[in-house]
Amino acid sequence: MNIFVFLTSLFWPTDLALNNNLSNFIEYSVCSVLTMISLLLVSKQPKLSAAIMLPIPFLTPKLSIFLIIIFSLQLALKRKKIYFFFLILSLTIFLTKWPELKGETIFNLDYEKKQEVIRNTRLYNSIAMARLFHNKPRIVIDKFNIRFFSLIDPSNYFFQFHPREGLINNQNLQKFPSLALIPFLIALINISSKNKSALVYLFSGIIALSLLNNFDRHDFILFSPMLLLIKEGFEITFKTKYKLPYITAFLIFTVFELTRILII
Amino acid sequence: MKKHELLFLLLSIALATITRFYKLGEVPSGLYLDEAAQGYNAFSILKTGKDEFGKSFPIIFRSFTDFKTPVYIYTIVPLIPIFGLTKFTVRFPSFFASILTIPILFLLIKKISPKKISHNIASISILLLALSPWHILFGRTNFECNLALFLYLTGLYFFYVSIEKPKALILSAIFFAIAIPAYHSQRIITPLTLFYLFAKNNKTLFSKSHKKIFLFSLAIGLLLLLPTLKVALTPGFLARASGLNIFTRIPAGYSDNQRNLIDLFANNKILLLTKQFLALYISYFSPRNMFILGDYGKRSSFPELSTFFIWQFPFYIIGLYLLIKSKKLGEIKNLTLLLLAISPLPAAVTHDPYSTIRALPLVIPQIIVISLGINWLYSKLLFNKFTKVGSLAGFAVLFTYSLLKLQSSAIILNEYYRATDWNYGWEEVADTIKNNLNKDLPIIVDNTRSEPHSQLLFFLEYNPENYQKDNPLNLQEYYTNMNRNKNKIIGNIITRPINWEEDLKKEMYLIGDELAISTQQIQNHNLTLIREIKYPDQSTAFRIIKTNPKSTISAF
């Protein structure tokens, strides 16, 4: 099974490296590696796990929100005082990083969208109805929804956003093998104590990235929780009677897709 | 049926009627060329017993060599003497089928669900369907898929009834047999469904109580399908499938540049096509498409509204989890999983991303899934009177919001932003031709960017016999000749590209869009602007001008 996890883990880093310069690749990778280490330590050494995440906002200010969300969730779920301490710390870091972060979030309203609101409100006979559906807060809500649903779209991770690529600012990387979708869904349906932390990290990452204007490449922090879930899914799949046909199809497709990443 | 069940059913039908009947025929105000073509062919059948090309009662309608399915067109025929040849008439069958789908779905879900949840799931499902943007869009406009869905669900319902009452098999066979030629997708979905029903119930079907009726129903079904089977191998019948499928095109990501074996492997067409099919198939379950993006086509979506309301998303996730994990759902689980699996198939083999027309049957299982989620939450909130009232109030707020959202997107924004896509303006052009133009002068209607003859024929109610004579086709080649002549003769009207060198030399009318007839050309050639038709956003739709041969200045 390790060979399948290994093959799966090659996709996103390879495609990211091939499509970005070295310094950017290092920036995205370090954040992802720190997330992975934190995730692996979360149940055995929660303090160290939380502390490892602290450098992330200094490497990438955009990901300051990620820490706030993850510590808030862990505080709510595990009710350990240590998470309250790290939450305060991450809030402090966030406030210091706010000047850099300000223009990068969805709360920055662009001129075109504001004009669209004015234009659309004129089409209604009822001002109340016009204001219900066309207002400035709705611009922010719509931006959040577009990003959130892009981040939970399976096509994003397994099919490079195909057939609806080009609708969002994205490199459309091949993040995981297409057939890894099956173990991923199996893991989501069979939530256990083993993969709960991965879900928390995944959910936190999705919410945090949805608050950014452009989450592309910063979503590499989702690599480790998703990989862990896929690994869990492999374990379940390989215990079923569909093991052999799945393995055959997976290997053929994965080698094919990996070849395409490397040469095309 | 219990009183409260009847009340729920009537409420859903009332809601569905309001959302679909309100301004039916007026909104969208344009009439798309396919709608006009279906209406005119129905008119031609009524008047002459032949279609626009002179073919008697065709099995599939040639139209724009897209070979339209026949059932919808034949349902329009008896409505024309009642309502006239109007936009309302051509959209009415879709509306009516949409309304009838509500009770059929209710009865079907009640039939196959465990008694403990059948009332709740059936009631919530029909309420959701009544409000469904996906189903409403096709219930307000002329789309065959809506009628086909109703026929298919009715066939399903009568099949399940027949398990206890064998004679219902006859009705099931009739409805399934009519569903197959009713829309292209049903050519795949219905046979797969029948295969499943047969595999699951073959013991019952061949039992003493059912065998004779089953064989008789099979015979009736095949008899009804004979005309369709007769043309099944013609290029016409296969036109849509062959024109749209991904297997006849270069797969996405394919590169011609192949220098060695590795390149050959990396560009393997079978693997690329398989991946493309999987990507297209999965897209029909993507929350991004379901709740945010909707259909990419401007006529199969409303502005700022997807196929489902965004508030339904959490219930969809909960419902999916319950559907997969629950072992107490019985046949509703099997049927929902079957419909989820097969409904996207006809759409996923075409290259269009998230085509809601071709995948319309998918609305049913996805609504059932959402209903399961809503029912679960409601059952969790029933622990006291306060939470029960609170949750009902919450749903009432959501439904009210959804109704207002429909009004906003389907009526107000759709009219403003999608007028071009709905071919707005041809009714006004026809009106001007009838009332303001000299009938002795030729009229040239530019068809460089469109094929307006169907709309002109429709709004002018042009004599079909004359049209058939002036635009002949070798009827022996009706189902086989795939060549399409875009230029048509409609009395003194000819649809063809404007020829600026020749047309200005004679006295005639020219009709075209802003690109065909610019203000510069009107000035340069001293043309007379008869009428300028504008879209709701005040941009120019069409210009109707008269030439002035005596004072024409050559443009070249």
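Two strands are counted as paired if DSSP finds at least two bridges between them. Helices (H or I, at least four residues) and strands (E, at least two) are themselves DSSP runs, numbered from the N terminus. The model on display is predicted: local features need pLDDT of at least 70 and side-chain atom pairs count only at pLDDT 80 or more, while totals for chains, interfaces and linings use all residues. Residues are numbered from 1 along each chain as its sequence is written, and chains are lettered from A and ligands numbered from 1 in the order in which they are written.

**Stop 1: strands of chain B**

Select residues 509-512 of chain B, which form strand E4, together with E6(B); the two pair in the antiparallel sense over 4 bridges. Within E6(B), Ile545(B) is the residue opposite Leu510(B).

E6(B) is mostly covered, with 5 of its 7 residues buried. Here a residue is buried if 20 or more other C-beta atoms lie within 10 Å of its own, exposed if 12 or fewer, and partly exposed in between, with C-beta atoms placed from the backbone.

E5(B) and E6(B) form a hairpin with 5 residues between them. Centre on Gln538(B) in the loop between E5 and E6 of chain B: Gln538(B) has a positive phi of about 75° although it is not a glycine. Gln538(B) is exposed, with 6 other C-beta atoms within 10 Å.

**Stop 2: Ile444(B)**

Move to Ile444(B), in strand E1 (residues 443-445) of chain B. Ile444(B) counts as buried because 21 C-beta neighbours lie inside 10 Å. Show its contacts, where a contact means that the C-beta atoms of two residues, placed from the backbone, lie within 7 Å. Not counting residues up to four places away in sequence, Ile444(B) touches Ile494(B), Arg496(B), Ile498(B), Asp503(B), Met508(B) and Leu510(B). A distance to display is that between the C-alpha atoms of Ile444(B) and Asn499(B): 9.4 Å, for residues 55 apart along the chain.

**Stop 3: helix H17 of chain B**

Select residues 331-342 of chain B. This helix, H17, has 12 residues and reaches 16 Å from its first C-alpha to its last, close to the 16 Å expected at 1.5 Å a residue; the expected span is 1.5 Å times one less than the number of residues. Colour its buried residues, among them Ile332(B), Lys333(B), Thr336(B) and Ile342(B). The buried residues of H17(B) pack against several helices of chain B, including H5 (87-112), H10 (186-205) and H19 (363-380).

**Stop 4: chain B as a whole**

Zoom out to chain B, which has 24 helices and 6 strands. Its radius of gyration (taken over C-alpha atoms) is 26 Å, close to the 24 Å that the globule rule gives for 556 residues, so chain B is as compact as a globular protein of that length. That rule is 2.2 Å times the number of residues to the power 0.38. The C-alpha trace of chain B spans about 85 × 65 × 55 Å along its principal axes. Of the 556 residues, 46% count as buried.

**Stop 5: where chain A meets chain B**

Display both chains: 26 residues of chain A are in contact with 29 residues of chain B. On the chain A side, two or more residues come from each of helix H8 (127-133), helix H9 (136-151), helix H10 (154-158) and helix H14 (243-263). H14(A) gives the most, with 5 residues.

**Stop 6: backbone features to inspect**

Most residues other than glycine have a negative phi, and most peptide bonds are trans. Select His162(A) and Pro163(A), joined by a cis peptide bond with omega of about 10°; Pro163(A) is in the loop between H10 and helix H11 (181-189) of chain A. In chain B, a cis peptide bond joins Val27(B) and Pro28(B), with omega of about 0°. Pro28(B) lies in the loop between helix H1 (3-21) and helix H2 (33-48) of chain B.

Finish at Arg79(A), which has a positive phi of about 50° although it is not a glycine. Arg79(A) lies in the loop between helix H5 (64-78) and helix H6 (81-101) of chain A and is exposed, with 9 other C-beta atoms within 10 Å.
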